[in-house]
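Please open the model in your viewer and keep the selection panel at hand.

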Amino acid sequence: MELRLAKPEDLGTVMKIYASAREFMKETGNPRQWGLSNWPSEERIRMDIAASKSYVCIEGSQIAAVFYYDFGKDIDPTYRNIEGAWLSDSPYGVVHRIASARIIPGAGSWCIQQIFRKSGHLRMDTHPDNLIMQKTLLKLGFQRTGLIHVEEDDDPRIAFEKI
């Protein structure tokens with residue numbers, strides 16, 4: 001597998017992956033995280049691609065996973081206020097909107113591991129109902145650090161960090 005920046009011509013496939021991920025989350029007891037607002041929107045993904053922050057994981061000629069990635073100091077405004085405490089205030093990477101096409105088992109975990117190798121410090125968050133992502137992050141060595149709140153809805157998100 002390899003990672004590359006998403007391109008405008010990937011948009012159709014990427015949006016299909018997100019639609020499938022919403023259905024999968026609904027089927028596995030997590031209907032609220034992306035389902036209520038039909039998140040992420042096509043406009044959001046277009047903006048991510050234009051900003052060179054949307055990545056795809058490629059296996060052969062297929063997109064196996066997609067996610068948003070950024071790195072820097074204080075790059076995510078939703079992470080400024082945490083009910084708890086971050087492990088470090090050093091520059092960090094953030095992964096958002098990760099979704100697998102479910103064609104390669106473990107593609108999402110592989111992406112997170114590759115990005116951690118690149119950044120050495122990652123923060124992520126997920127909905128309390130997303131037990132699959134919580135289990136994945138803990139298995140990958142992330143620690144729960146508290147709760148954060150996002151603009152998309154009123155549900156809290158469990159914050160995770162790995163250094």
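Begin with the buried residues of helix H4 (131–139) and display what covers them: the cover includes S5, H3, S6, strand S7 (143–149) and S8. The model is a predicted one, and the values along this tour are to be read accordingly.

**Helix H4**

Which residues of H4 are buried? Select Met133, Gln134, Thr136 and Leu137. These residues lie on the same side of H4, because they cover an arc of only 165° around the axis. Next, turn to the face of H4 directed away from this buried side; the exposed residues Leu131, Lys135 and Lys139 are carried there. Just after H4, select Gly141, where phi is positive, at about 95°.

**The nonpolar cores**

Select Phe67, Val95, Ile98, Ile112, Leu122 and Phe142, the residues with the most contacts inside the largest nonpolar core, which has 21 residues. Strand S2 (54–59), strand S3 (62–72), strand S5 (92–100), H3, S6, H4 and strand S8 (156–162) each give two or more residues to this core. H3 supplies the largest share, five residues. For a second, separate core, of 17 residues, select Ala6, Leu11, Ala21 and Met25, which are among its members.

Return to Leu122 and show its surroundings. Beyond the neighbours within four places in sequence, Leu122 is in contact with residues including Tyr69, Val95, Ile112, Ile115, Phe142 and Phe160.

**The loop at His121**

Now select His121, in the loop between helix H3 (107–119) and strand S6 (122–126). Is this residue, His121, buried or exposed? With a relative accessible area of 3%, His121 falls under the 20% cut-off and is therefore buried. Leaving aside neighbours within four places in sequence, the contacts of His121 include Phe71, Ser88, Pro91, Tyr92, Phe116, Glu161 and Ile163.

**The largest pocket**

Finally, display the largest pocket, which holds about 1,100 Å³ of space. Of the 46 residues that line this pocket, select those closest to its centre: Gln33, Trp34, His96, Arg97 and Ile98. Helix H1 (11–27), helix H2 (42–50), S3, S5, H3, S6 and H4 each give two or more residues to the lining. Which element gives the most to the lining of the largest pocket? The answer is S5, with seven residues. Colouring the lining by residue class shows 23 nonpolar, 12 polar and 11 charged residues.

Key:
Residues are numbered from 1 along each chain as its sequence is written. This is a predicted model: local features need pLDDT of at least 70, side-chain atom pairs count only at pLDDT 80 or more; totals for chains, interfaces and linings use all residues. Side-chain values use heavy atoms; hydrogens and water are left out. Helices (H or I, at least four residues) and strands (E, at least two) are DSSP runs, numbered from the N terminus. Buried means under 20% relative accessible area, exposed over 50%, partly exposed in between (1.4 Å probe, protein chains only). Contact means heavy atoms within 4.5 Å. A nonpolar core is a set of buried Ala, Val, Leu, Ile, Met, Phe, Trp, Tyr and Cys residues joined through side-chain atoms within 4.5 Å. The arc is that of the directions from the helix axis to the C-beta atoms. On a 1 Å grid over the protein atoms alone, a cavity is a set of points where a 1.4 Å probe fits but cannot get out, and a pocket is an open set with protein on both sides within 12 Å along at least five of seven lines; lining residues have an atom within 4 Å of a point. Grid points are joined across faces, edges and corners, and a volume is the space filled by probe spheres set on the points. Ala, Val, Leu, Ile, Met, Phe, Trp, Tyr, Cys and Pro count as nonpolar, Asp, Glu, Lys and Arg as charged, and the others, Gly among them, as polar.
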